[in-house]
Amino acid sequence: MAEIGAFRDAVSGWAAGGPGGPASDLAVRLELRTAVLLEGLSDLAAVEALAARHGRDLAAEGVSVVPMGGAMNVGRYAGLLGPPGLGLRLTGLCDEGEQRFYDRGLQRARAPRGGFFVCVRDLEDELIRALGTERVEEIIRTEGDLRAWQTFLHQPAQRGRPRHQQLRRFLGTKKGRKIRYGRLLVEALDPEQVPAPLDDLLTSL
């Protein structure tokens, strides 16, 4: 687990302009064959939580899940990890509104575009719709965030908005909350509730 974290850190440094040697050496040592490209850390938490529920050790299977820090970085990461770089198979999740960035970035990296699974808005949206708003609010209460949630609902900007949209916005209002709930919402899913993009991604690995 520590080494796969070191690989992610090495890739992040490489993408920021650092040397590629450390990432390349770790990819060989870990026998990596696939890189799962995700927009951010909340997506990473959700994917890792679902893999754990299925008893999957992705690192042991030669799979590294890599958060890119935003959809617009996909071209850079695809170039480093895909055919022009380490030669790993690329897959991941993509928000519908960001699909054009993925199409262009993967095309430049000469990587197949069919391995990316599209969320309608984003993964949080998929998870809230899968669980239903009442269940998500129940999880918020269980986690001790009820007061923060009630305060949020009294903000003028939230009045009259659909509950689904309010919940989605709430998850992104505090640093770390989106990441924590990315894991919690996945852990609360019944097997038949797993959103198709997330389920299809794990199945493809």
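How many Å separate the centres of domain 1 and domain 2, taken over C-alpha atoms? I looked this up and noted 26 Å.

**Entry 1: the model.** I recorded that this is a predicted model, in which local features need pLDDT of at least 70 and side-chain atom pairs count only at pLDDT 80 or more, while totals for chains, interfaces and linings use all residues. Residues are numbered from 1 along each chain as its sequence is written, and side-chain values use heavy atoms, with hydrogens and water left out.

**Entry 2: the domains.** I noted domain 1 as 1-120 + 194-204 and domain 2 as 123-188; such bounds come from an automatic or database domain assignment. I then looked up the contact (heavy atoms within 4.5 Å). Domain 1 supplies 16 residues to it and domain 2 supplies 14 residues.

**Entry 3: the area between them.** Buried area is the accessible area (1.4 Å probe) that two parts lose on being put together, summed over both. I found about 1,100 Å² buried between domain 1 and domain 2, with 72% given by carbon and sulfur atoms. On the side of domain 1, Ser 42, Arg 53 and Pro 195 lose the most area to domain 2, together 37% of what that side buries.

**Entry 4: charges.** I searched for salt bridges (a side-chain nitrogen of Lys or Arg within 4 Å of a carboxyl oxygen of Asp or Glu). The whole structure holds 12 salt bridges, but the count between domain 1 and domain 2 is zero. Arg 8 lies in helix H1 (residues 2-15) and Glu 48 in helix H3, 40 residues apart, so I noted a link between distant parts of the chain. Helices are DSSP runs (H or I, at least four residues), numbered from the N terminus.

**Entry 5: rings.** I counted four aromatic pairs, in which rings of Phe, Tyr and Trp (its six-membered ring) have centres within 6.5 Å. Planes under 30 degrees apart count as stacked, over 60 as edge-to-face and the rest as tilted. Trp 149 and Phe 152 are stacked because their ring centres are 5.9 Å apart and their planes lie at 15°. I located both in helix H8 (residues 146-153), three residues apart, about one turn of the helix.

Note on methods:
Helix = DSSP H or I, 4+ residues; strand = E, 2+ residues; numbered from the N terminus.
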